[in-house]
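Try each task before you read its solution.

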Amino acid sequence: MCPPGAYCLLGIRAGECSAGYFCDWGSSSPEQSLCPAGFYCPTGTQKPLACTAGTFSFVMGNSHRENCEPCPLGYYCQGEAVSEPLPCPLGHFCPMGTSQGTQFPCPPGTVQPQSGTASMEDCLPCPAGMFCARHGLSEPTGRCQDGYHCPLGAMSPNGTGDMIESTGNNMCPPGHYCPTGISSPLPCPAGTFSSSPGLSGVQQCQPCPPGYFCEQTAMIHPSEATLCDAGYVCMNGSRSARPVDGQQGYICPSGHSCPIGAPLEVPCEPGTYSSAPGAAHCLSCPAGTMCPSPGTQEPSPCPMGHFCPVGTAAAVPCPVGTLGQVTRAQSEAACVPCPTGLYCSSPGTSQPQGQCQQGYFCQGGSPNPAPLNMSGYLRNGPCPLGHFCPSGTLMPLPCPAGSIRNFTGGYSIESCLPCPAGHYCASEGLNAPTGPCAAGFYCPVDFSSTTPHAFLCPKGHYCPLGSPLALPCPTGQYQPNPGSDNCIPCRPGYYCEEAIIGDPRPCPPHSYCPAATMVPQPCPNGTYTPPEVRGLQEERECLPCPPGRFCRAGQVKGLCAAGFVCVSGSSEFTPQAAFLLNRDQCEWGAQCAGPCPAGFYCPEGTEEPLSCPANTLRETPGASAIRDCLLCPPRHWCKEGDPIPRLCPPGYYCDGIADYESEGRPGPRQCPLFTYRPTSGAGSKGDCLTCPPGTFCNSTGLTDFSNFLCPPGHWCSGTGFPVPCPAGTMRAQAGAAAVSQCELCPSGTYCPDPRTTSQPNTAGIPCRASYECPAGSVTEIPCRAGSYCRPQTGEPTPCPAGYFCPEGSHTYSSPQQVCTFPYYCPANSSAMLLCPDGWMPLNTSGLRKSRESSCVLCGAGTYRPSQSPHLQCLLCPPGHHCPAGSHHYSDQTCPVGYVCPQGSSEPIPCPPGSYGNRTSAQSLEECHKCPPGTFNHLHAQRACFPCGSSSTSDAGASSCTCIGKNRAFQHSDGSCLCKTGFVFYDQLDFKSSIADSELDCQPEVKKRCWAGQVRLASTLDCVIPSTYSCNVTCGPQGGMLDVGMGM
């Protein structure tokens, strides 16, 4: 036998086996056996040599070791004789020449979810928020431990090492919290802080302390917090300097103060108040009002009988002896003395308690009905010497001239005693005589002399000083004149009428008598003398007419007329002289009187002109009453006592309308809210200009609106309060004039409805992870199914193939989102999909990205519904057929004339000679044989065709047998026609070849057809089949000549 490695011919070794072939025992050819794939066969090989581990060869006939190629990148060739490399398994990489699938595992901190990778660079860092603790992982080991964060490439659940950069301990830093599976720390939200590391949930972030607000996220220490703005209360967890939601804080309520950093509002102390919310400090109660209790919101008017200085908590009663007759008194100066004749014994009263007792007088400010003597301008006390005081007297009544009262407590005129003899009591209210009776006069007993010249000493008498009687002139003396204590000539102050020679008479009242006066001279107009004054010697001894009166012929004639003012020396009822306001400039003999000046009014007998009140006007002289002070004209305001109106000041309007608010004297009124007036002279509220859109004029009396811009987050029409920008919009700058200037909330943020948050939208709120916020969002919308949303997502990112993203996903790469067998996930998947009907899942390595890579079409003869619990395609049951990709067999019943055994992909037709007469046939046994006398030359028939009268058949015949010889059975009509070249003769001896008959056909003698020719049945002509045209018989479409039948 020929040895291995060689081949032998005719029993002799002919040579070595050819390269690329191997020769076993008894080989007879140098190419006996082709070298198989995975081997190489050099010359003379008796057994194929295997390619070494790490190499392969997929072709046959290799002749050299070099034909074994290194295992390609991404594959491994395990063991020897590898003909087809295997893809590198999940979690590993295979460089060129890899001999083991697990030879190069991806290191800890990495993961490789795909097969067929070639280098360590293909090992992906462990996804953020996960950790990969072992070598060769195809998916992360698990989620990051709570209280820690795991960056890309983490190798442990607490992030103590990572493949990219070993940072040591990745404990969640202060100011942050790290729930399970987080990649980077989440900042403690605004309103909280955290000084401790390792927090695992947002609820562990501590609230911002009361009185402070934590505006920033990720705050570490409460010292970073900022004091709450004055006027606001910051509760625990405030994130705004001015919280208003009632949970983080609120605006300081009325009646309270909230200084900067207030953890709680402080009630205003008594004596202070706060009328509006948001006060940083309480205001002192204004003068004229009181704030009696803590937390006062509006001051109360000071009641009558009291006065209230600035900062009053309890009204101060007017002291004893005074009355408070007005409300809103600001100081004790408003407490007026008790009226004359009355007493006020109670503090804080507005009405006297009664009349003073008889024997006492009350000139004002009396504290009791029998007051003691008091010093000061006003006097009260026992009725003084020289006076008597009836009950309730306004002031002590003087004892009349000619009487005295030298004891206190007089209570009636009977208490006054006659002037003592030899004395005179010239004036009222004397407690002692005025003096002794004048020399030349005498004052008798019980006469009540009122003058030292009571009785003229008669002629021939003399009367020394203090004479109660006229004494006769001593003997030897002569006194021709009465009234002398000696003989004296007539002197100044007396007049001597010619008719009474030698009897001088005192100058009468209202006159003056210089020396040697015969007739008394009347005092000039504008001067006067009291009725009791006599003996004036010079003109200048006549007194100027008193204020408020006019004088003629030395007498006061009456009060000056209303509309005029008489200061001094007036001689006219209606004086027309120029009025001098300065009384000191009035000289003797000058008439200081005239019409009441403009800006004033003068009632009858006016001593000083009275100013027209504020907001009234008198432009011409001569006003006689306050009614002559007219209302200030529109567009002007009037100063007290000023006859010239002034233009209404900027920020005000002057409409001249008298109403309750103006107390009948209209003055400047502040332009109302939402208006301003830059110039003077406004005459009505309509002259106050409306603040333009974009401004919020929230104060009255404005002259300019430039400092009152509409606040951020609002728009202002200028005529009302700021309107918050609607939901879905925001405004960061001040001054928006219309809602159209509110901008759409930026993509990635949302702007809630201010009506629900009570906060304006000055900036969009960042959209959280797992939510999407397109431009103009009002709320966060859960991230749409099939996509994922990082923080501040406006347009979601489609979920990549091989993963699925349910609604609200913030990532796609979590282990729970990897598509697993038997499902597949194309791009934009929101859930894992089952293989469709007619497909079965294919368990492959790598991501399951599509139907084509993760499912295989069910083969012919099998089926599978998509919801089938079986992962493999099932055999089609008998009676049905299942083409490739069938999802079920029930709607594919085997049709009539066919049979469908188990596993049929197509129905099998019943063969010729048989028929099928029902559906769902399962085997050929259900195809029935055609009965005798019938035939069936076709497949899949429901019945058999009958034989003609010239033919017969047995059971199961596919054709009928002609009774006559040399006849051919025609399937089309069941007739038997003579074969080509044969004819028959009927009973009438007519020759025919195309008629049906039971008679035999005999050969027809024709010329011989040559080789390759065929005789036509119709004409018996010989033709060549390949060149014969059937168009004459078959028409333009042509046909094919049947060489057997000649047709």
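## Exercise 1: A right-handed bridge

The torsion about the S-S bond of Cys302 and Cys308 is about 80 degrees, so this disulfide is right-handed. Before going on, note that this is a predicted model, in which local features need pLDDT of at least 70 and side-chain atom pairs count only at pLDDT 80 or more, while totals for chains, interfaces and linings use all residues. Residues are numbered from 1 along each chain as its sequence is written, and side-chain values use heavy atoms, with hydrogens and water left out.

Task: find the S to S distance of Cys302 and Cys308, and state whether Cys302 is buried or exposed.

Solution. 
- Step 1. The sulfur atoms of Cys302 and Cys308 are 2.1 Å apart, and a disulfide is defined as a pair of cysteine sulfur atoms within 2.5 Å.
- Step 2. Cys302 has 0% relative accessibility and therefore counts as buried; the cut-offs are under 20% relative accessible area for buried, over 50% for exposed, and partly exposed in between, with a 1.4 Å probe and protein chains only.
- Step 3. Cys308, also at 0% relative accessibility, counts as buried.

## Exercise 2: Two further disulfides

Task: work out the handedness of the link of Cys71 and Cys77, then that of the disulfide of Cys188 and Cys205.

Solution. 
- Step 1. Cys71 is joined to Cys77 with an S to S distance of 2.1 Å, and the 85 degrees about the S-S bond make the link right-handed.
- Step 2. Cys71 is buried at a relative accessible area of 0%, and Cys77 is buried at 0%.
- Step 3. For Cys188 and Cys205 the S to S distance is 2.0 Å. The torsion about their S-S bond is about -75 degrees, so this disulfide is left-handed.
- Step 4. This pair links distant parts of the chain, 17 residues apart: Cys188 is in the loop between strand S16 (186–187) and strand S17 (192–193), and Cys205 is in the loop between S17 and strand S18 (206–207). Helices (H or I, at least four residues) and strands (E, at least two) are DSSP runs, numbered from the N terminus.
- Step 5. Both Cys188 and Cys205 are buried.

## Exercise 3: Backbone exceptions

Most residues other than glycine have a negative phi, and most peptide bonds are trans.

Task: check phi of Ala218, phi of Ser758, and omega of the peptide bond from Phe821 to Pro822.

Solution. 
- Step 1. Ala218 is not a glycine, and its phi is a positive value near 65 degrees. Look for Ala218 in the loop between strand S19 (212–213) and strand S20 (226–227); its relative accessible area of 22% makes it partly exposed.
- Step 2. Ser758, likewise not a glycine, has a positive phi of about 60 degrees. Its loop runs between helix H1 (754–757) and strand S72 (765–766), and at 47% relative accessibility Ser758 counts as partly exposed.
- Step 3. From Phe821 to Pro822 the peptide bond is cis, with omega near 10 degrees. Pro822 lies in the loop between strand S76 (797–798) and strand S77 (823–824).

## Exercise 4: Around Tyr676

Task: which residues is Tyr676 in contact with, leaving aside its neighbours within four places in sequence?

Solution. 
- Step 1. Begin at strand S65 (residues 675–676), where Tyr676 is found.
- Step 2. Tyr676 is buried, with a relative accessible area of 13%.
- Step 3. Contact means heavy atoms within 4.5 Å. The contacts of Tyr676 are Cys671, Cys688, Leu689, Thr690, Cys691, Pro692, Leu702, Thr703, Asp704 and Phe705.
- Step 4. Tyr676 and Phe705 are 29 residues apart along the chain, and their C-alpha atoms are separated by 6.9 Å.

## Exercise 5: The whole chain

Task: how does the radius of gyration of the chain compare with that of a compact globule of 1047 residues?

Solution. 
- Step 1. The chain has 70 Å, whereas a compact globule of 1047 residues would have a value near 31 Å. The radius is taken over C-alpha atoms, and the globule rule is 2.2 Å times the number of residues to the power 0.38.
- Step 2. Along the principal axes, the C-alpha atoms fill a box of roughly 235 × 90 × 45 Å.
- Step 3. The chain has three helices and 97 strands, and the structure holds 52 disulfides.
- Step 4. Of the 1047 residues, 40% count as buried.
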